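User: Could you pick one part of this model and walk me through it closely? I would like to follow how it meets its surroundings, with the cut-offs spelled out along the way.

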Amino acid sequence: KYRPKTFEQFFGQKHLLGENGVLKKLIEKGAMMNAIFRGQPWSWKTTLAELIAEKMNYHYVYLNATKASTADIKQLSQQSEQRRTLEARPTLLFLDEIHRFNKLQQDSLLPDLENGNIILIGATTENPYYNLNNALLSRCLAFEFKKIDVESLISILSFIKEKEGLKIWIEILEFLASSVEWDARSSINLLQMLGNLDENLNLEEVKSLIPTQKSYHQT
């Protein structure tokens, strides 16, 4: 529900999408290349791929490597070639958990990456240089997605607060952002919980309701 729908709503990853970010420059110039997005869950790798596909008018396909097979890649290859021939429109394939593909499956991607029928964005939580073969890596740029910083988390929570019309003080948003150790999903869940309470709580009352990560470590 709260995934960014535009680049303006995408908070975090300033090293990639900030003023001097390489990824931002590639997107603005319409020169997106095959890429590996490495980062923890909920760093919005999937969302960014969707935004890139929409920005560049690519056909978007999502596959998870734990379920996709070489036959799926072959079918996608045929469809992508037809679409590019008829519509002059490449396909952006977002391949989640790409490190789950074996060497044969990874190699099956190479012809379409070479001819431009498919633009690949592979997502992984692992080090790609240990889990992907050299032939695939040599055709991709690697981008590391960092944990969402507190400032970006506050921006996310403020956006949701305004969207939902929640009456929650900014210091409470700051507390939520700083108490979950950069976990956007947890901070949004906590905000939703406070919104459902429908009470005008102050900061001390919120602190008594929500144990922080630090308090768990201390016990």
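Analyst: Happy to! Helix 10 passes helix 11 in a right-handed crossing, a term that applies when the near helix is turned clockwise from the far one by less than a right angle, anticlockwise being left-handed. Before going on, please keep in mind that this is a predicted model, where local features need pLDDT of at least 70, side-chain atom pairs count only at pLDDT 80 or more, and totals for chains, interfaces and linings use all residues. Residues are numbered from 1 along each chain as its sequence is written, and side-chain values use heavy atoms, with hydrogens and water left out.

Helix 10 covers residues 170–179, and its axis lies 9 Å from that of helix 11, at an angle of about 140°. Here, axes are lines fitted to C-alpha atoms, for helices over the stretch in contact, and angles run from 0 to 180 degrees between N-to-C directions. On the helix 10 side, Ile-172, Leu-173 and Leu-176 meet Ser-187, Leu-190, Leu-191 and Leu-194 of helix 11, where contact means heavy atoms within 4.5 Å. By class, six of these residues are nonpolar, one is polar and none is charged. Nonpolar covers Ala, Val, Leu, Ile, Met, Phe, Trp, Tyr, Cys and Pro; Asp, Glu, Lys and Arg are charged; the others, Gly among them, are polar.

Helix 11 (residues 184–197) also meets helix 9 (residues 150–164): their axes come within 10 Å and cross at roughly 35°. This crossing, too, is right-handed. Leu-153, Ile-156, Leu-157, Ile-160 and Lys-161 from helix 9 face Ala-184, Ser-187, Ile-188 and Leu-191 from helix 11. That contact has seven nonpolar residues, one polar and one charged.

Seven of its seven residues are buried, so strand 4 is largely enclosed by the rest of the structure; buried means under 20% relative accessible area, exposed over 50%, and partly exposed in between, with a 1.4 Å probe and protein chains only. In a regular strand, side chains alternate between the two faces of the sheet. In strand 4, Ile-118, Leu-120, Gly-122 and Thr-124 point one way, with Ile-119, Ile-121 and Ala-123 pointing the other. Strand 4 is joined to strand 3 by six parallel bridges, and to strand 1 (residues 35–39) by four, also parallel. Across these pairings, Phe-94 stands opposite Ile-121, and Phe-37 opposite Ala-123. Strand 1 in turn pairs with strand 5 over five bridges, again parallel, and there Phe-37 stands opposite Phe-143.

Finally, the rings. The structure holds four aromatic pairs, counted when ring centres of Phe, Tyr or Trp (its six-membered ring) lie within 6.5 Å; planes under 30 degrees apart are stacked, over 60 edge-to-face, and the rest tilted. Tyr-62 and Phe-94 form a stacked pair, with 5.9 Å between centres and 20° between planes. Tyr-62 sits in strand 2 (residues 59–64) and Phe-94 in strand 3 (residues 91–96), 32 residues apart, linking distant parts of the chain. Tyr-62 is partly exposed at 39% relative accessibility, whereas Phe-94 is buried at 0%. Thr-46, which belongs to helix 3 (residues 45–56), touches both partners and Tyr-60, leaving aside residues up to four places away in sequence. Thr-46 is buried, with a relative accessible area of 19%. Elsewhere, Phe-37, Phe-143 and Phe-145 form one aromatic cluster.

Methods: Helices (H or I, at least four residues) and strands (E, at least two) are DSSP runs, numbered from the N terminus. Two strands pair if DSSP finds at least two bridges between them.
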